[in-house]
Amino acid sequence: MNDDATDDDTGYTVGRLARIAGVTVRTLHHYDGIGLLSPTGRTPAGYRRYSEAELDRLQQILFYRELGFPLEEIAAILDDRSVGPSEHLRRQRQLIGDRIRKLEDLAAAVERAMEARTLGIQLTPEEKFEVFGKDYREEWEDEAEQRWGETDAWKQSQARTARYTKADWERIKAEADGINDALVAAFTAGSAPDSEQAMAIAEQHRAHIGLNFYDCAPQMHRCLGDMYVADPRFTETYEKLAPGLAPWLRDAIHANADRLEREANS
(Lines give C-alpha, C1' and ligand atoms only; values in the text may rest on other atoms or scores of the structure.)
Protein backbone atom coordinates (compact mmCIF):
# COMPACT_ATOMS: atom_id res chain seq x y z
CA MET A 1 0.00 0.00 0.00
CA ASN A 2 1.29 3.47 -0.86
CA ASP A 3 1.70 5.52 2.33
CA ASP A 4 2.74 8.69 0.49
CA ALA A 5 -0.71 10.15 0.01
CA THR A 6 -1.36 13.88 -0.10
CA ASP A 7 -0.98 15.76 3.22
CA ASP A 8 -4.03 17.31 4.75
CA ASP A 9 -4.92 18.88 8.09
CA THR A 10 -4.62 15.54 9.90
CA GLY A 11 -0.80 15.37 9.80
CA TYR A 12 2.12 14.08 7.76
CA THR A 13 2.37 11.19 5.36
CA VAL A 14 5.20 8.78 5.88
CA GLY A 15 6.82 10.05 2.69
CA ARG A 16 6.78 13.66 3.77
CA LEU A 17 7.98 12.84 7.27
CA ALA A 18 10.87 10.89 5.76
CA ARG A 19 11.84 13.84 3.55
CA ILE A 20 11.67 16.31 6.44
CA ALA A 21 13.83 14.13 8.69
CA GLY A 22 16.24 13.00 5.98
CA VAL A 23 15.55 9.30 6.51
CA THR A 24 14.05 6.63 4.28
CA VAL A 25 10.46 5.46 4.29
CA ARG A 26 11.79 1.98 5.04
CA THR A 27 13.41 3.34 8.22
CA LEU A 28 10.08 4.75 9.39
CA HIS A 29 8.36 1.49 8.59
CA HIS A 30 11.00 -0.29 10.68
CA TYR A 31 10.54 2.12 13.60
CA ASP A 32 6.82 1.50 13.41
CA GLY A 33 7.32 -2.24 13.28
CA ILE A 34 9.39 -2.31 16.49
CA GLY A 35 7.14 0.15 18.28
CA LEU A 36 9.72 2.94 18.44
CA LEU A 37 7.76 5.43 16.35
CA SER A 38 4.19 4.58 15.47
CA PRO A 39 1.87 6.89 13.51
CA THR A 40 -0.99 8.66 15.20
CA GLY A 41 -3.31 6.59 13.09
CA ARG A 42 -4.36 5.86 9.56
CA THR A 43 -6.66 7.45 7.08
CA PRO A 44 -9.85 5.66 6.00
CA ALA A 45 -7.83 4.47 3.01
CA GLY A 46 -5.22 2.90 5.32
CA TYR A 47 -2.38 5.43 4.93
CA ARG A 48 -0.09 6.12 7.89
CA ARG A 49 -0.56 9.59 9.40
CA TYR A 50 1.96 11.25 11.71
CA SER A 51 1.35 14.23 14.00
CA GLU A 52 3.65 16.92 15.37
CA ALA A 53 4.23 14.71 18.42
CA GLU A 54 5.67 11.95 16.24
CA LEU A 55 7.80 14.50 14.40
CA ASP A 56 9.23 15.65 17.75
CA ARG A 57 9.83 12.05 18.84
CA LEU A 58 11.58 11.29 15.56
CA GLN A 59 13.89 14.24 16.15
CA GLN A 60 14.78 12.77 19.55
CA ILE A 61 15.36 9.33 18.04
CA LEU A 62 17.70 10.68 15.38
CA PHE A 63 19.63 12.69 17.95
CA TYR A 64 20.36 9.63 20.05
CA ARG A 65 21.12 7.56 16.97
CA GLU A 66 23.71 10.14 15.91
CA LEU A 67 25.40 9.62 19.26
CA GLY A 68 25.47 5.86 18.73
CA PHE A 69 22.68 4.72 21.02
CA PRO A 70 21.03 1.40 20.03
CA LEU A 71 17.34 1.53 19.19
CA GLU A 72 16.36 -0.51 22.24
CA GLU A 73 18.08 1.97 24.56
CA ILE A 74 16.54 4.93 22.74
CA ALA A 75 13.09 3.44 23.25
CA ALA A 76 13.76 3.02 26.97
CA ILE A 77 15.00 6.61 27.26
CA LEU A 78 12.08 8.16 25.41
CA ASP A 79 9.46 6.02 27.14
CA ASP A 80 10.71 6.86 30.62
CA ARG A 81 7.78 8.83 31.99
CA SER A 82 9.85 10.17 34.89
CA VAL A 83 11.91 12.27 32.47
CA GLY A 84 10.23 15.37 31.05
CA PRO A 85 11.09 17.38 27.93
CA SER A 86 13.33 19.80 29.84
CA GLU A 87 15.33 16.96 31.34
CA HIS A 88 15.74 15.42 27.87
CA LEU A 89 17.16 18.71 26.62
CA ARG A 90 19.58 18.97 29.54
CA ARG A 91 20.70 15.39 28.94
CA GLN A 92 21.21 16.10 25.25
CA ARG A 93 23.21 19.21 25.97
CA GLN A 94 25.48 17.19 28.26
CA LEU A 95 25.86 14.44 25.65
CA ILE A 96 26.72 17.00 22.97
CA GLY A 97 29.27 18.59 25.30
CA ASP A 98 30.83 15.19 25.96
CA ARG A 99 31.01 14.49 22.23
CA ILE A 100 32.59 17.90 21.54
CA ARG A 101 35.23 17.37 24.22
CA LYS A 102 36.02 13.92 22.86
CA LEU A 103 36.40 15.28 19.32
CA GLU A 104 38.55 18.16 20.57
CA ASP A 105 40.80 15.69 22.40
CA LEU A 106 41.02 13.59 19.25
CA ALA A 107 41.87 16.65 17.12
CA ALA A 108 44.57 17.62 19.61
CA ALA A 109 45.99 14.11 19.46
CA VAL A 110 46.09 14.28 15.66
CA GLU A 111 47.92 17.60 15.85
CA ARG A 112 50.44 16.20 18.31
CA ALA A 113 51.00 13.21 16.07
CA MET A 114 51.54 15.43 13.03
CA GLU A 115 53.96 17.58 15.00
CA ALA A 116 55.79 14.48 16.18
CA ARG A 117 56.18 13.23 12.63
CA THR A 118 57.29 16.66 11.42
CA LEU A 119 60.01 16.77 14.04
CA GLY A 120 61.16 13.21 13.40
CA ILE A 121 60.42 11.85 16.84
CA GLN A 122 62.18 8.54 17.51
CA LEU A 123 60.19 6.94 20.32
CA THR A 124 58.67 3.54 20.88
CA PRO A 125 54.90 3.31 20.32
CA GLU A 126 54.40 3.10 24.09
CA GLU A 127 56.49 6.24 24.68
CA LYS A 128 54.64 8.12 21.95
CA PHE A 129 51.36 7.42 23.68
CA GLU A 130 52.80 8.51 27.02
CA VAL A 131 54.36 11.76 25.79
CA PHE A 132 51.77 12.85 23.20
CA GLY A 133 48.55 11.46 24.64
CA LYS A 134 46.41 8.34 24.69
CA ASP A 135 44.79 9.13 21.33
CA TYR A 136 48.10 9.13 19.47
CA ARG A 137 48.00 7.27 16.14
CA GLU A 138 51.19 6.41 14.27
CA GLU A 139 49.39 6.38 10.92
CA TRP A 140 49.00 10.18 11.16
CA GLU A 141 52.75 10.63 10.81
CA ASP A 142 53.00 10.04 7.07
CA GLU A 143 51.68 13.39 5.84
CA ALA A 144 54.51 15.45 7.30
CA GLU A 145 57.14 13.31 5.61
CA GLN A 146 55.27 13.53 2.32
CA ARG A 147 55.21 17.32 2.57
CA TRP A 148 58.74 18.02 3.80
CA GLY A 149 60.69 14.78 3.45
CA GLU A 150 62.92 16.11 0.64
CA THR A 151 63.87 19.37 2.34
CA ASP A 152 67.19 20.07 4.04
CA ALA A 153 65.35 21.14 7.18
CA TRP A 154 63.62 17.77 7.40
CA LYS A 155 66.89 15.88 6.93
CA GLN A 156 68.64 18.01 9.52
CA SER A 157 65.78 17.50 11.96
CA GLN A 158 65.85 13.75 11.41
CA ALA A 159 69.59 13.62 12.07
CA ARG A 160 69.30 15.63 15.29
CA THR A 161 66.25 13.92 16.73
CA ALA A 162 67.46 10.40 15.99
CA ARG A 163 69.55 10.54 19.18
CA TYR A 164 66.88 12.10 21.40
CA THR A 165 65.60 10.15 24.37
CA LYS A 166 62.18 10.26 25.97
CA ALA A 167 63.58 12.71 28.53
CA ASP A 168 64.75 14.97 25.69
CA TRP A 169 61.25 15.03 24.20
CA GLU A 170 59.68 15.77 27.56
CA ARG A 171 62.09 18.70 28.00
CA ILE A 172 61.40 19.99 24.48
CA LYS A 173 57.66 19.76 25.01
CA ALA A 174 57.92 21.58 28.35
CA GLU A 175 59.95 24.35 26.71
CA ALA A 176 57.41 24.67 23.89
CA ASP A 177 54.56 24.83 26.41
CA GLY A 178 56.40 27.62 28.22
CA ILE A 179 56.76 29.61 24.99
CA ASN A 180 53.08 29.10 24.22
CA ASP A 181 52.17 30.32 27.70
CA ALA A 182 54.25 33.46 27.12
CA LEU A 183 52.56 34.02 23.75
CA VAL A 184 49.10 33.74 25.29
CA ALA A 185 50.04 36.08 28.15
CA ALA A 186 51.37 38.77 25.80
CA PHE A 187 48.45 38.42 23.41
CA THR A 188 45.75 38.54 26.08
CA ALA A 189 47.49 41.50 27.72
CA GLY A 190 47.02 43.44 24.48
CA SER A 191 50.64 43.64 23.39
CA ALA A 192 51.02 44.62 19.75
CA PRO A 193 52.64 41.94 17.57
CA ASP A 194 55.47 44.36 16.70
CA SER A 195 56.11 45.27 20.33
CA GLU A 196 59.42 44.41 21.96
CA GLN A 197 57.71 41.81 24.14
CA ALA A 198 56.02 40.06 21.22
CA MET A 199 59.15 40.05 19.08
CA ALA A 200 61.22 38.70 21.99
CA ILE A 201 58.85 35.74 22.37
CA ALA A 202 58.85 35.20 18.61
CA GLU A 203 62.64 35.04 18.78
CA GLN A 204 62.38 32.46 21.58
CA HIS A 205 60.07 30.49 19.31
CA ARG A 206 62.63 30.63 16.47
CA ALA A 207 65.53 29.79 18.78
CA HIS A 208 63.68 26.76 20.16
CA ILE A 209 63.32 25.37 16.64
CA GLY A 210 66.95 26.13 15.79
CA LEU A 211 68.29 24.60 19.00
CA ASN A 212 66.32 21.38 18.86
CA PHE A 213 65.46 20.64 15.23
CA TYR A 214 66.92 22.57 12.32
CA ASP A 215 68.55 25.90 11.49
CA CYS A 216 65.69 28.37 11.29
CA ALA A 217 66.74 31.58 9.58
CA PRO A 218 64.43 34.60 9.88
CA GLN A 219 63.06 34.07 6.38
CA MET A 220 62.26 30.43 7.10
CA HIS A 221 60.64 31.47 10.36
CA ARG A 222 58.56 33.97 8.40
CA CYS A 223 57.33 31.11 6.19
CA LEU A 224 56.41 29.09 9.26
CA GLY A 225 54.40 32.03 10.55
CA ASP A 226 52.51 32.17 7.28
CA MET A 227 51.79 28.42 7.52
CA TYR A 228 50.30 28.86 10.99
CA VAL A 229 47.56 30.91 9.34
CA ALA A 230 47.34 29.22 5.93
CA ASP A 231 47.04 25.63 7.21
CA PRO A 232 43.84 25.21 9.26
CA ARG A 233 45.36 22.43 11.36
CA PHE A 234 48.23 24.60 12.55
CA THR A 235 45.86 27.54 12.97
CA GLU A 236 43.65 25.42 15.22
CA THR A 237 46.60 24.59 17.47
CA TYR A 238 47.11 28.25 18.35
CA GLU A 239 43.45 29.25 18.22
CA LYS A 240 42.75 26.68 20.94
CA LEU A 241 45.25 28.47 23.15
CA ALA A 242 43.55 31.82 22.53
CA PRO A 243 41.19 32.88 19.72
CA GLY A 244 43.09 35.20 17.39
CA LEU A 245 46.52 34.02 18.52
CA ALA A 246 47.51 32.44 15.19
CA PRO A 247 47.50 35.66 13.10
CA TRP A 248 49.01 37.58 16.03
CA LEU A 249 51.89 35.11 16.20
CA ARG A 250 52.38 35.32 12.45
CA ASP A 251 52.60 39.09 12.67
CA ALA A 252 55.01 38.89 15.61
CA ILE A 253 57.22 36.47 13.66
CA HIS A 254 57.16 38.80 10.64
CA ALA A 255 58.03 41.80 12.80
CA ASN A 256 60.90 39.94 14.45
CA ALA A 257 62.20 38.72 11.07
CA ASP A 258 62.10 42.28 9.74
CA ARG A 259 64.04 43.50 12.76
CA LEU A 260 66.70 40.79 12.43
CA GLU A 261 67.12 41.49 8.73
CA ARG A 262 67.48 45.24 9.38
CA GLU A 263 70.14 44.55 12.01
CA ALA A 264 71.96 42.21 9.67
CA ASN A 265 72.03 44.83 6.92
CA SER A 266 72.96 47.79 9.12
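Contact here means heavy atoms within 4.5 Å. With that term set, residues 24 or more positions apart account for 62% of the chain's contacts with a separation of 6 or more.

Before going on, the basis. This is a predicted model, where local features need pLDDT of at least 70, side-chain atom pairs count only at pLDDT 80 or more, and totals for chains, interfaces and linings use all residues. Residues are numbered from 1 along each chain as its sequence is written, and side-chain values use heavy atoms, with hydrogens and water left out.

The chain has 13 helices and two strands; these are DSSP runs numbered from the N terminus, helices being H or I with at least four residues and strands E with at least two. Of its 266 residues, 40% count as buried, meaning under 20% relative accessible area with a 1.4 Å probe, protein chains only.

Now to helix H13, residues 245-265. Its 21 residues reach 30 Å from first C-alpha to last, close to the 30 Å expected at 1.5 Å a residue; the expected span is 1.5 Å times one less than the number of residues. Its buried residues include Leu245, Trp248, Leu249, Ala252 and Arg259. What do the buried residues of H13 pack against? They pack against helices H9 (166-188), H10 (196-212), H11 (218-230) and H12 (232-241).

Asn180 is buried, with a relative accessible area of 17%. Leaving out residues up to four places away in sequence, Asn180 touches Tyr238 and Leu241.

Methods: Buried means under 20% relative accessible area, exposed over 50%, partly exposed in between (1.4 Å probe, protein chains only).
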